[in-house]
Amino acid sequence: MATRSVRAEEIERELESLLTRETFPPPEEFRRRALIRDDTPWREAQADPVAWWERQARALLDWSEPWQRALDDSNPPFYRWFVGGRLNACENALDRHVRAGRGDRVAFYWRGEEGEERQVTYAQLLHDAERLATVLRERGIGPGDVVGIYLPMIPEVVVAMLACSRIGAPHNVVFGGFSVEALRDRLHFSEAKALICVDGARRKGKTVAVKAAVDRILDELPSLGTVICVRHTGEGAPMRRGRDIWWHEALAGAGPTPPEPLDAEHPLFVLYTSGSTAKPKGVLHTTGGYLTGVAWTQRHVFDLHDDDVYWCTADVGWVTGHSYIVYGPLVCGATSVMYEGAPDYPDKDIWWEICERYGVTIFYTAPTAIRTCIKWGVEYPLRHDLSSLRLLGSVGEPINPKAWLWYWRVIGGGRCPIVDTWWQTETGHILISPLPGVTTLKPGSATRPLPGVDAAVVDDAGREVAPGEQGYLVLRRPWPGMLRTLYKDPDRFVETYFSRFGRETYFVGDAARLDEDGYFWVVGRVDDVVNVSGHRLSTAEVESAIVAHPKVAEAAVIGQADERTGQAICAFVTVEAGVEPDERLAEEIRQGVAERIGKLARPARIIWANELPKTRSGKIMRRLLRDIAEGRALGDVTTLRDPEVIAQLETKVRELQAAEE
């Protein structure tokens, strides 16, 4: 933009002054209407956590048969919840709402990237899920058979997941931005018998022929006998007789299939997480416990009311989409927004245009997205009326205080509590988070464990550390939504999560600390620590100190081998739009880090980056930055969003090294 508004400049001055504010209690207007307004859930859960979870399962879900035992903990870490109980995920997400006369309620306001719009009701979702379930059954798919799903953000992806759950076929959703080689590996590992894909997908005005690309790998998958293709872009697709069928043709000739009552421990889905060298881990979630956890957190962490319009900006290909686009909102009967496109197409205000158009009240996104919006400038959200928003959420990685405050002030107008949620693919749902009507917020802290969750920060010996000390985040009690195993790899499950501190303590893999108020500050993965002259420094804390500079938009910090100090801090820094980075700015950044953390934390090297390497879900790939900085061959890059970023950074590193020599 050629000129900046006076209001934008005032907001930025206000944000600088807000950096000194440490706590944000719930606004009184919000608290008065909140579903939870005191500490009763924590007290009840602490008295008897298993009984507390039982009450939530009964209150939130419909069961066709009751359970005989709430928790079987006889063989840790292979816990079982609601043993003997039977239910169906699709029925809880759709059928029961339609039976209750809410079939005309909008489940999704869908927006295509070219401005197309659809209002999809609960009755429409049920109609299609019933018929797709019939099609799958007629193709020989039954309980326990894995179905791969490779679709963009269109309503059909929700139908596909729920149709699978209706007949007990675990779904294996693969993010639509992954290559077909990554798809092949995941379908091979899960031995999928069917695949639901799309003719083509769109991104920023371009169309990619998906089905044609998928055909290249299908002959390498002997277990896969059925491909169902959604016609989305209308460009056609090669179809093999006997194996391939069009979605619309198959559903047109199918009748309804009733939901299959399934054991609470029946597998609901497999979701693969990428590894740096080893094969991806197939996280397995089951039905009863997972639905209990996502339903409770959807309703209470987001303070979900009947008149809310909720929008989670994640992709269904990630666990956030599974839990907080599909199962959580639909089980709770919510109205949501689903958007197909990128956050900067056709312009950088598209998210805020959508919030204004649909009257979004609850908005849930990632810190990476927030930092990108900061870089673009406040002018874009200021174009739109965001007064409908009443609650904001953050997910995916720790959010630094500067980004938290920008989100709170610019997007939330200073009136919306922020639920900074900590959880993982493996945990199934949110475990550490504020409850917005109760919790006083601290920018950058996920605050406290939710009711029924026992989290702690421990040292190498498993002893709790003192307030302020950094240690390992662990979970010391089973919770219903936890992963049950790694698909067909139970030994790796135990070794990965339950070997470091024993078979009854889940090792998260994150470093964290507690403050004097018992608030958790998750500072990143355990390996995101730099050891400078024997001092262990969190990369996330250094990054927060760097981005506190008003001219910095984003930063990623790594430890680089150094003969003198063991490791030295290397920072990749992206500046705000319109800023020209130079040595003076670099010195200001170093001085700011020294003031906030200490001189030891000052970056030895600052590399100016136009963009940082990120996964398609928006997480910064610090592993690749370490490889680039030290000249190593790159590992797994299947999740990288823009490969060109790597080449640009490699060039900058070589130039810096040449200048230093």
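Trainee: What separates the centres of domain 1 and domain 2?

Mentor: The two centres, taken over C-alpha atoms, lie 33 Å apart. Domain 1 covers 41-448 and domain 2 covers 533-660, with bounds that come from an automatic or database domain assignment. This is a predicted model, in which local features need pLDDT of at least 70 and side-chain atom pairs count only at pLDDT 80 or more, while totals for chains, interfaces and linings use all residues. Residues are numbered from 1 along each chain as its sequence is written, and side-chain values use heavy atoms, with hydrogens and water left out.

Trainee: Why does Glu543 count as buried?

Mentor: Buried means under 20% relative accessible area, exposed means over 50%, and partly exposed lies in between (1.4 Å probe, protein chains only). Glu543 has 8% relative accessibility, and therefore counts as buried. This residue lies in helix α18 (residues 539-547).

Trainee: Which residues does Glu543 touch, not counting those up to four places away in sequence?

Mentor: They are Ala555, Ala556, Val557 and Arg622, where contact means heavy atoms within 4.5 Å.

Trainee: What makes Tyr380 count as buried?

Mentor: Its relative accessibility is 12%, so Tyr380 counts as buried. Tyr380 belongs to helix α15 (residues 379-382). Between Tyr380 and Val395 there are 22 Å, C-alpha to C-alpha, and the two are 15 residues apart in sequence.

Trainee: How do you know that helix α16 is largely enclosed by the rest of the structure?

Mentor: Helix α16 (residues 401-411) has eleven residues, and ten of them are buried, so the helix is largely enclosed. Among the buried residues are Trp404, Trp406 and Trp408. Gly413, with a positive phi near 65°, follows α16.

Trainee: What percentage of the 661 residues of the protein chain count as buried?

Mentor: The value is 62%.

Conventions
Helices (H or I, at least four residues) and strands (E, at least two) are DSSP runs, numbered from the N terminus.
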